[in-house]
Amino acid sequence: MKRKNWMAFFITGGLFGAILILPTLIVVPFTGSSASHEVQETPNPIEKAADSSKDLSPIAVRVERSQSGKIEEVPLETYVARVVASEMPAEFELEALKAQALAARTYITRHLLEDEAVSQEADVTDTVNHQVYKNDEELRAQWHDQYTSNMEKINTAVNETAGEIITYNQEPITAAFFSTSNGYTENAEDYWENEIPYLKSVESPWDQQSPKFADQKIIPISQVQTALGINFKGNVQNMTMTKTEGNRVDKVQVGDQTFSGRQIRETFELPSSDFSMQQKGDHVIFTTKGYGHGVGMSQYGANGMAKSGSSYKDIVTHYYHDTEVSSINKQTALLTSKNDKPVN
């Protein structure tokens, strides 16, 4: 299906009405592991049970594969399933996987509505520039004998949230997420350039259980000075730091030069912008907390909330301030009408 054509389905009375009446039909063929018809083989009885879902979504997503350059066109919910399988550990709690499914579905819905295709042939890539995506064959190779159980679990998470997205003022949000917080999420404006009202710093104490919560990286002081074009004048402590509301580094000042915490993080490929710097001999020790940019939903935080009994709706409304869970059908119809985009 051509990418522009999917919008017509939401305007066409008969099909749109059927979708609204039967939202439970919008499901994923293989979610858990996000299996795909790419593997040309006859599934065994167990795998057939895992593959039993039907994806009747009228929206198709065209994914450019970064390794081969080929384009894979898959129904929306199949795409969501494969993103969940690629972005979040399958052993996470079901409610956390559901929250991830909403984030993935919201991201691609907003992306398609804003008409941000990467080319005439593809809507998105399979990388972190958009959302990580692995097809069925890749997931089978990754999971081996756990493929069926993982796929069934993720299918359940996607099927039970089928057709749902996260909205703010009736529009799909920028559903940012990351691995592990330092105990707090970050205000969008403190890491990116613009303030986003629903991406505000919130507490996330569950992340301390993450294996990525704390880390250290040791770099020669000469390399640090060269990379930043500065001289610590004998000691790293000859600098000052300021912090953001999310307790990450906002600014680092060395002499008359100032660097953002994000700039330091990206220059030295640190896991997080919550870092301290300590000199030991001719090396600098970066001690970090958290993993990722810190904006939006923490995946390990979501899993911790799920373990504590929170539902996926509790999770998304905690990490995305003042948002609500809405029907993708109603929202895409509303936005298509409002934007008045031409349909081929």
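Which domains give residues to the lining of the largest pocket, and where does the pocket lie? Keep that in mind as you start; the model on screen is predicted.

**Stop 1: the pocket.** Select domain 1 (60–208 + 294–340) and domain 2 (214–289) and colour them apart. Both give residues to the lining of the largest pocket, so the pocket lies between them. The space inside is about 780 Å³. Now select Val128, His130, Ala176, Phe177 and His293. Of the 27 lining residues, these are the closest to the pocket's centre. Next, show helix 5 (94–113), strand 6 (177–178) and helix 10 (261–267), the elements that each give two or more residues to the lining. By type, the lining has eleven nonpolar, nine polar and seven charged residues.

**Stop 2: the cores.** Nonpolar side chains tend to be buried together in soluble globular proteins. Here, the largest nonpolar core has 56 residues. Select Val61, Tyr79, Ile154, Leu199, Met297, Ile315 and Tyr320, which touch the most other members. Helix 5 supplies the largest share of this core, with nine residues. Zoom in on Met297. Then find a second, separate core of 19 residues, with Ile221, Phe232, Val236 and Phe268 among them.

**Stop 3: two loop residues.** Select Asp115, in the loop between helix 5 and strand 3 (124–125). Its phi is near 55°, a positive value in a residue other than glycine. Asp115 is partly exposed, at 36% relative accessible area. Finish at Glu269, in the loop between helix 10 and strand 11 (275–280). Phi of Glu269 is near 50°, also positive. Glu269 counts as exposed, with 66% relative accessibility.

Conventions: Residues numbered from 1 in each chain as written. Predicted model: local features only at pLDDT ≥ 70, side-chain atom pairs only at ≥ 80, totals over all residues. Heavy atoms only, no water. 1 Å grid on protein atoms, 1.4 Å probe; cavity = no way out; pocket = protein on both sides within 12 Å on 5 of 7 lines; lining within 4 Å. Points joined across faces, edges and corners; volume = space filled by probe spheres on them. Helix = DSSP H or I, 4+ residues; strand = E, 2+ residues; numbered from the N terminus. Nonpolar A, V, L, I, M, F, W, Y, C, P; charged D, E, K, R; others polar. Domains from an automatic or database assignment. Core = buried A, V, L, I, M, F, W, Y, C linked by side-chain atoms within 4.5 Å. Buried < 20%, exposed > 50% of the residue type's maximum accessible area, 1.4 Å probe, protein only.
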